[in-house]
Amino acid sequence: MRASVLRVALAALMAFAGLAVSSAARADSGFVTLVIYKAGWIIGGSGGSGTLTFRGRSYALSTGGLDYGLVFGGSKTVLRGRVSNINRASDIAGVYGAAGAGLALGRGARAIVLTNQKGAVLELTGHQVGLMANADLSGLAITMR
């Protein structure tokens with residue numbers, strides 16, 4: 001009796017491990033373009049739009065977020081890059097958090113790596129135009145339209 005319970009438990013554990021491995025093996029990547037407008041004075045906000053290209057299809061995205069800390073000015077940031085560790089397009093949706101500091105006077109380069117609660121990883125580079133000084137905690141939410 002005890003041996004059969006142990007065999008059943010072992011078989012269930014192996015099946016679960018197999019599902020976890022096959023799920024991770026199916027994870028894929030895509031290409032993302034985001035245009036984000038940001039403005040603030042102590043508390044700032046951002047909003048924008050973008051596109052995810054994943055498995056040959058394009059998906060419209062919306063972005064929004066809040067910044068709190070030393071935030072001053074306004075800017076437009078265009079970011080392009082890769083999203084990885086996603087199984088379906090909707091895995092890109094979620095909240096991405098970051099702490100950082102920066103200064104943009106005119107035109108400046110940006111690079112950032114962010115992760116959401118689903119494990120999606122954004123690796124983005126681009127440029128920022130405007131006057132923006134920040135040393136803040138910020139969050140970026142991405143939703144699919």
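Visitor: Is Arg82 buried, partly exposed or exposed?
Guide: This is a predicted model, so take the numbers as computed from it. Buried means under 20% relative accessible area and exposed means over 50%. Arg82 comes out at 40%, so the label is partly exposed.

Visitor: Which residue does Arg82 meet in a salt bridge?
Guide: Arg82 sits in strand β2, and its partner lies in strand β4, so the pair ties together parts that are 41 residues apart in sequence. N to O is 3.6 Å, and the residue is Glu123.

Visitor: How many salt bridges turn up in the whole structure?
Guide: One of them joins Asp28 and Arg55, with the closest N and O atoms 3.1 Å apart. That pair links strand β1 to the loop between β1 and β2, 27 residues apart. A search of the whole structure gives three.

Visitor: Which elements give two or more residues to the nonpolar patch?
Guide: The patch is on the surface and includes Trp41, Ile43, Tyr68 and Phe72, with about 800 Å² of accessible area for the whole set of residues together. Ile43, for one, is in strand β1 and counts as exposed at 52%. The elements giving two or more residues are β1 (28–54) and β2 (57–86).

Technical notes: Residues are numbered from 1 along each chain as its sequence is written. This is a predicted model: local features need pLDDT of at least 70, side-chain atom pairs count only at pLDDT 80 or more; totals for chains, interfaces and linings use all residues. Side-chain values use heavy atoms; hydrogens and water are left out. Patches are made of residues with over 30% relative accessible area and no salt bridge: like charges are joined within 9 Å, nonpolar side chains (Val, Leu, Ile, Met, Phe, Trp, Tyr) within 5 Å. Accessible areas come from the Shrake-Rupley method with a 1.4 Å probe; for residues, only the protein chains shown count as cover. A salt bridge is a side-chain nitrogen of Lys or Arg within 4 Å of a carboxyl oxygen of Asp or Glu. Helices (H or I, at least four residues) and strands (E, at least two) are DSSP runs, numbered from the N terminus. Buried means under 20% relative accessible area, exposed over 50%, partly exposed in between (1.4 Å probe, protein chains only).
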